[in-house]
Amino acid sequence: MENPDNKTEVVLLACGSFNPITNMHLRLFELAKDYLHETGKYNVIKGIISPVGDAYKKKSLISANHRVTMAKLATESSDWVQVDDWESSQNEWLETLKVLRYHHQKLASSTPANSLQNAVPLIKPGRKRKQEANRYIPAKKNQLSPETKGVPQLKLLCGADMLESFGIPNLWKLEDITEIVANHGLVCITRAGNNAQKFIYESDTLWQHKNNIHLIEEWITNDISSTKIRRALRRGQSIRYLVPDAVQAYIEKHNLYSPESEDRNVGVILAPLQKYARGCKQEQTL
Amino acid sequence: MKSRIPLVLLACGSFNPITNMHMRLFELARDHLHQTGRYRVIEGIISPVSDNYGKKGLVSARHRVAMAQLALETSDWIRVDPWESEQEKWTETVKVLRHHYNESLRSLHFRKELMRNNWPTERATEDFLSSLDPVSPELKLLCGADILKTFSTPNLWKEEHIKEIVEKFGLVCISRAGSDPVQYISESELLTRFQHNIHLVTEWIQNEISATHIRHALCKGLSVKYLIPDSVISYIKDYNIYTEESEREK
C-alpha cells in the first residue's frame, strides 16, 4: 500500500475489561481516529480491542469467552476496529506493555521492509523469530519511499482514568510506563475540565514524553461505564441504546450479569497488585 | 389485584436528526413508570415537528420522519407518527397531545367493537369487554426536565395549555444526575398543584448526545458512529442531508 502523503500510519490498541463493551468504548476509537486525522500527520489504519484475561482477577469480571464474543458482536459493523483474543487466552495475566510489544511485533512482521530492524523481544526472550534470509531488504531507518513502508505506530488508546491509574501504587511498573510513552504513545480521551493535563505536568516521566501523549477532549459527555451497565441489568433496567443491540441481545440470552456475577473475585487481590506488591517495596516516583 | 393503568408516551421535538439519546429517554421513562407499580407502558410515539416550525437548520420533515423510522425499526414498542409533521401550520404541543389521545380512544373503541363482533353474543357483555381493557390509556408527554423551566418563559406557552398538559395528560421529565428539576416545579404555582402528574426521572448514565452537535460533526466530516444508529448514518450519507448549507438555512 502506498503512502504518498508521508503520513505516519497508526494502529490504536485498547486494553481493558470490556465487561461488557459499551458504546462509549466504541466511541473512543472514533474520536481518536478523527483527532489524529485532523492533525494532518497521521493515518489511522486499524483499531484493536484486546479484552483482559480472566487471570486479571478483577471483581465482577465474567468469563473472557463472553467478553470477547460481545466485543466481536459490537465491532461487526466497523470496517476498521477488530477484536484480538490473544491477551485473553493467556493463562497468566499480562502487563499492558507485553500486549503492546506483541501487537507491535505482529505489525512489524507483516510489514515488507524494516521488519527485522524493528523486531522487539517477545515474552520469552529465548525464542527468536525465524529469519527468512534475503526475503526482505531492510531499508534505511526513517526513510519512507513509495515502494517501502514503515511499521505503523502502535498507540495505546484509553480514557483519562487509565492515564491517572499510572499513579496507583503497585499497579504499574515505572519502567513499563516509560516504555509505553517513549516507544509507543498514548491517545487519551478526556472529558472537559478534567485533570489529565495536570497529571501529566506533575509527572517527570510523562512530561518528558508529552509529545507522545495525545489528549483528546470528547465533545459529548459520555458516561456509559460498564459498571453502570451491570448495575442497570441487576435492577432489571433497560440498557438499550447504551450498548450495541447485538450485545444487549447476547447479554439477555445468556443472562450474563447478576448479583452473583458481580461478586466474582470478591476478596481476591488484583493480579498486578499481587505481582508487584511482593517484589517492589520502594516507592517509585512517576 | 389492582390492574395497571395502560400508558402511552409521546415525545415532540425536531428530531433533527434522531439520536440514541432520544430513544434512551423512552427506555428510561418506561422503566421508571413500571417500577411505580401503577402503570403499564404500552406504546411510545415520536412526533417530529413540521417544517414550518422555522428552526434554523431544520431539514425536511420527510427526511426526519424517515430517519426516525429507520432508527425505530428494531424497537418493538416505539414508533414514529408523521401526523404533526404533515400539518400545514405549526401545531401547539397540547393539540398534538389531544390528537393522539383521541386516536387512542378511537382505536380502543374499534378494538372493542371488533371483539364484540367476534365473541358469541351471550359473552359479549359490556362488563366482559371492560374487564379485558378496563381503562383507556393515559397519554403523557415525555421530555427533558428543562421543559419545566421553559414554562416560565414569557409568551412561550399559553397558560391554559400548560394547565391542560399537566392536568389532563401529565409529564414524564428526564433530567441528568445533579440537576434539580424539583426547583422548577416549586417555583410555579400551577406545576405545584399538579406535581402528582409530573413524573421526574433521573438519568444516572450521562449520555448527552445533542442533535446540534451531531449536525456540526457531520458537516465537519467527523464520525457520529455509536451516537446515532448505523441505518440513520447511511441514510444521511445517501441523501447528503446535513451540510454547511443546510445548517445555515432557516
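**A chat about chain B**

Me: Which strand residue does L7(B) stand opposite in β4(B)?

Reply: In this predicted model, L7(B) stands opposite E138(B) of β4(B).

Me: How many bridges join β1(B) to β4, and in which sense do the strands run?

Reply: There are 4 bridges between β1(B) and β4, the strand of residues 138-144 in chain B, and the strands run parallel.

Me: And how do β1(B) and β2(B) pair?

Reply: Their pairing is parallel as well, over 9 bridges. One facing pair is V8(B) and E43(B), the latter lying in β2(B). Between β1(B) and β2(B) the chain passes through α1(B), and this β-α-β crossover is right-handed.

Me: Changing topic: which residues have the most contacts inside the largest nonpolar core?

Reply: They are L9(B), I18(B), F26(B), I46(B), L142(B) and I236(B), in a core of 43 residues. Several elements of chain B supply at least two residues each, among them β1 (5-13), β2 (39-48), α2 (61-71) and β5 (171-176). The element that gives the most is α1(B), with 6 residues.

Me: What does I236(B) touch?

Reply: Leaving aside residues up to four places away in sequence, I236(B) touches P17(B), M67(B), L218(B), I228(B), I241(B) and Y242(B).

Me: L218(B) is in α10(B), I think. Which residues are buried there?

Reply: The buried residues in α10(B) are A211(B), I214(B), R215(B), A217(B) and L218(B). They are on the same side of α10(B), because they cover an arc of only 160° around the axis.

Me: What do the buried residues of α10(B) pack against?

Reply: They pack against α11 and α12 (244-248) of chain B.

Me: Which residue follows α10(B)?

Reply: G221(B) follows that helix, and its phi is positive, near 75°.

Me: One more: where is S175(B), and what does it touch?

Reply: S175(B) lies in strand β5 of chain B. Not counting residues up to four places away in sequence, S175(B) touches A145(B), P181(B), V201(B), T202(B) and E203(B).

Me: Is S175(B) buried or exposed?

Reply: S175(B) counts as buried, because its relative accessibility is 8% and the cut-off for buried is under 20%.

Definitions and conventions: Residues are numbered from 1 along each chain as its sequence is written. Chains are lettered from A and ligands numbered from 1 in the order in which they are written. This is a predicted model: local features need pLDDT of at least 70, side-chain atom pairs count only at pLDDT 80 or more; totals for chains, interfaces and linings use all residues. Side-chain values use heavy atoms; hydrogens and water are left out. A nonpolar core is a set of buried Ala, Val, Leu, Ile, Met, Phe, Trp, Tyr and Cys residues joined through side-chain atoms within 4.5 Å. Buried means under 20% relative accessible area, exposed over 50%, partly exposed in between (1.4 Å probe, protein chains only). Contact means heavy atoms within 4.5 Å. The arc is that of the directions from the helix axis to the C-beta atoms. Two strands pair if DSSP finds at least two bridges between them. A crossover is right-handed if, with the strands pointing away from the viewer, the path from the first strand over the helix to the second runs clockwise.
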